[in-house]
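User: Hello! I am new to this structure and would like to learn how to read it, one feature at a time. Could you walk me through it?

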Amino acid sequence: MAIETDILIVGAGPAGLATAIALRRQATGRKPTVVVLDKGRSAGSHVLSGAIVDPSGFKDLLTDAEIEKMPCEAKVVKESFRCNFFAGFSLKIPWVPPMMSSMGFPVVSLTKVTQYLADIARREGAEVYTGYAVTSLIEEGGVVVGAKTGEKGLDKDGRKKGNYLPGEEIRAKVVVLAEGGSGILTEKLIADRKLQGERPQTYALGIKELIEVPAGTQTAGEVMHTFGWPADFSTYGGGFVYHISETQVMVGYAYALDYTRAEIDPFQLFRQFKTAACVASHIKAGKTVAYGAKVIPEGGFYSVPKLSTPGCLIVGDGAGLLDSLRIKGVHIALQSAVAAAKAILADGGALGARAKSGAIGEAYEKLVKETPGWREMARVRNVRAAFSYGLPWGVAAGGLAWLTRGAFPNFRIPGCEEGDAKALQPLDRADLARVQARAVASSPVQPDRLTDVFMSGVIHEEDQPCHLRIRNPALCAACEEKFGSPCTRFCPAEVYRREDGKLQVDFSNCLHCKTCRIKCPMENVDWTFPQGGDGPRYTRM
Amino acid sequence: MHVIVCIKQVPDTTNVRINPKTNTLMREGVESIINPFDEYALEEGLRLKDMTGAKVSVVTMGPPQAAVVLREAMARGADDAYLVSSRAFGGADTLATSYTLSMAIRKICGGRTPDLVLFGKQAIDGDTAQVGPGVSEFLDVPLVTYVKSLKADKSSYQVTSVMDDGEHVVTGSFPCVMTVLKEATTPRFAPLAGWRKAAKAEIAAFDEKALAADPIRIGLTGSPTKVVTIFPPPTKGGGEKVDARTDAAAGAQAIADFLQKKGLVKA
């Protein structure tokens, strides 16, 4: 028997939970029933971000007292931007560009903020259930009318085990997709219904560690952003160092997945980044204690799909709602959530009928376009494409967009047109050997990849079907020939390795970052859902 | 038939670290879960429900937030749930806990003896394995520990219990208290529909007054065990390695010398 609800929200990240809170709080008459589902073991366990949050997003959602009580690690008291030229040399940008400044903003663990939002959502009467992957949408006559959860208790050959649990159907008048970046259902819906914007989405892979350092050496609230080395000046990449307490530092590195050189290994770039003089001084005598990775949809304005289809709305990162200059999306995700709730709660007829006719979708899209976040995205709409021509052009476009408040350039700069998978060039084995010779030595602050994976807390039931399905194994052989199996390098969790001339997929390491389905040059990875509740268990990311 | 399953909310110790300076548990970022061994006990209870139509009640003692594990048990199929919670119970050792739980079980059963009380073999935080046996004493009901398999009908049971000297096959008729091993079963998953039902269910809460508990036998007062200090076990250094890949005889000699030096073998 199907479970019935007014609203089904897929994904208990900030966008999904904010939608739930706004729906329950802002309803004037009967409060709609709201079910929120997430594949992570608990709310926040698959959520990872920098994160210096632009607090503006919380204002329409939470009370002042709630914002005050939100888990916040530190407030930014000192910030700097540096351009790294090589490992030992960087220049401090003498003045922080005002549009980039985050003085006074909270530095948070988005995992913890998500737990906090989940508590509020539950208190408001939303039903938040975690450990359930939503694996397909139910569509009837072109209208999304619900979704189905994944089965549990299948063995590695797909046979039912003693504790087999069948998938369950949830019927809803409105389905809100809040899956985050590279959402599986979202992307399928976008492809099936041709909802993509002018450009395909383009991503960066973000890798992050929490590092403990001895007391008395660092100041809480000091933050630094860098660009340049170890990325070459033709690829969009940058790092951050956030001191969240006297003894804890968040260190992260994001690298654009439209990179062309097949020998690139983002995890090694992250390690090199930590050796840069201006970074190393912040993590001296440190020890890595937590790790995670996730893709960031950074295509911006032109990569945003149509945000609705009958019966269904898309919110947050899953819709690519992110400022691609500041690489900030949480506040826009929250604004889109509030807009979705407002559109759903508007007067003008029965909920189901308005959803079916597309009236809610239209209202939602209109409301999103009135948010400050959307205006911000429009202002920097050309920045990401300009960066694809190299760092100087990107910086110039960012500056111009700021100075002219987005008026110039007033046309769409071409760039990033093909999607990330197509960008890769054939591998030069000599380049690969050179890169591998430069590998950074391991230490407590430079764990190797598998040690880091352990610190993500990732757990998958081993006896279940592999959720990373290779569509055509023959293509892997061709890829090895041409690209040298780049999956063995771009995966931040060492899921893919070559053994006995074949590709081995250790799915239980998977951090659900989705890089493989984005960057595999053969588009040969079918990312399906593992058993609900499996995956990373972030607690402080 | 009435089965009572006692469960405990514990920190997920896979994530627990100890602050080296204060020797206290660092709880930051540590989730609370159902004690994993209690999941096997619960599953055995639910299996009896499936087979015999038994009623399954779950009970936990802990702070108000421990209600979460009761709801999870109900989502899997338990019929009702009881939270034993009060400041007065705080700081209880295994003796005071056993007393308090036995009073709660009496209350749940309206003074009658339950047919079967199930526990996990031990909790992963305290590792004492004493509360199950303690409750059996207070209830004056037979006890079988370390149950590896359980077959039962409405009135009698046959279990295999794993002891130091081998496996004991025990038969008997209810009532009985049992502590259950991991080998017994695989816990089921809660269906969403079960969560939905559990979310709306009433959970009865008992404090010391409701249980008419003897104030000197509960909480810190009722606990003869005192925690003097907490410390992490010393980290073991790496062992000595003998590389015998090139010269097996020399390797064997090195190992023989080592054993002699320790006085473990004679020359």
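**Reading domains, sheets and helices**

Analyst: Let us begin with domains: the centres of domain 1 of chain A and domain 2 of chain A, taken over C-alpha atoms, are separated by 31 Å. The bounds come from an automatic or database domain assignment, which gives chain A domain 1 (3-66 + 111-197 + 304-379) and domain 2 (383-414). This is a predicted model, where local features need pLDDT of at least 70 and side-chain atom pairs count only at pLDDT 80 or more, while totals for chains, interfaces and linings use all residues. Residues are numbered from 1 along each chain as its sequence is written, and chains are lettered from A and ligands numbered from 1 in the order in which they are written.

User: How many residues does each domain of chain A bring to the contact?

Analyst: Two residues are in contact if their C-beta atoms, placed from the backbone, lie within 7 Å. Here domain 1 of chain A gives four residues and domain 2 of chain A gives six residues. For residue classes, Ala, Val, Leu, Ile, Met, Phe, Trp, Tyr, Cys and Pro count as nonpolar, Asp, Glu, Lys and Arg as charged, and the others, Gly among them, as polar. On the side of domain 1 of chain A that touches domain 2 of chain A, two residues are nonpolar, one is polar and one is charged.

User: What is the domain assignment of chain B?

Analyst: Chain B has domain 1 (2-217) and domain 2 (239-267). Their C-alpha centres lie 49 Å apart.

User: How many residues of chain A are in contact with chain B?

Analyst: On chain A there are 15 residues in contact with 13 residues of chain B. To follow the element names, note that helices (H or I, at least four residues) and strands (E, at least two) are DSSP runs, numbered from the N terminus. In chain A, β7 (127-130), β10 (152-154) and β11 (160-165) each supply at least two residues of the side that touches chain B. The largest share, three residues, comes from β11(A). By class, that side of chain A has four nonpolar, seven polar and four charged residues.

User: Now the sheets. In what order do the seven strands of the open sheet in chain A come?

Analyst: Strands pair if DSSP finds at least two bridges between them. In chain A the order is β5-β4-β14-β15-β16-β13-β17, with mixed pairing. At the edges are β5 (89-92) and β17 (287-297) of chain A, each pairing on one side only. From one strand to the next, the twist averages 20 degrees. Inside this order, β15 (residues 237-243) and β16 (residues 248-256) of chain A pair in the antiparallel sense over seven bridges. As an example to find in the view, A:G237 has A:Y255 in β16(A) as its bridge partner.

User: Which strands form the open sheet in chain B?

Analyst: Nine strands, in the order β11-β10-β9-β12-β8-β1-β6-β7-β13 (chain B), form it with mixed pairing. Edge strands β11 (166-173) and β13 (204-206) of chain B each have a single partner strand, so one side of each is left without a neighbour in the sheet. The twist averages 35 degrees from one strand to the next. Strands β8 (residues 116-120) and β12 (residues 176-180) of chain B run parallel and are joined by five bridges; B:G120 has B:V180 in β12(B) as its bridge partner.

User: And how do I read two helices that pack together?

Analyst: Two packed helices are described by the angle between their axes and the distance between the axes. Axes are lines fitted to C-alpha atoms, for helices over the stretch in contact, and angles run from 0 to 180 degrees between N-to-C directions. Helix α1 (residues 14-26) and helix α3 (residues 110-123) of chain A have axes that come within 9 Å and cross at roughly 20 degrees. Angles under 35 degrees count as roughly parallel, over 145 as roughly antiparallel, 65 to 115 as roughly perpendicular and the rest as oblique. α1(A) and α3(A) are therefore roughly parallel to each other. The residues of their contact divide into eleven nonpolar, one polar and no charged.

User: At what angle do α2 and α5 of chain B pack?

Analyst: Helix α2 (residues 67-76) and helix α5 (residues 192-200) of chain B pack at about 130 degrees, with their axes 7 Å apart. These two helices, α2(B) and α5(B), are therefore oblique to each other.
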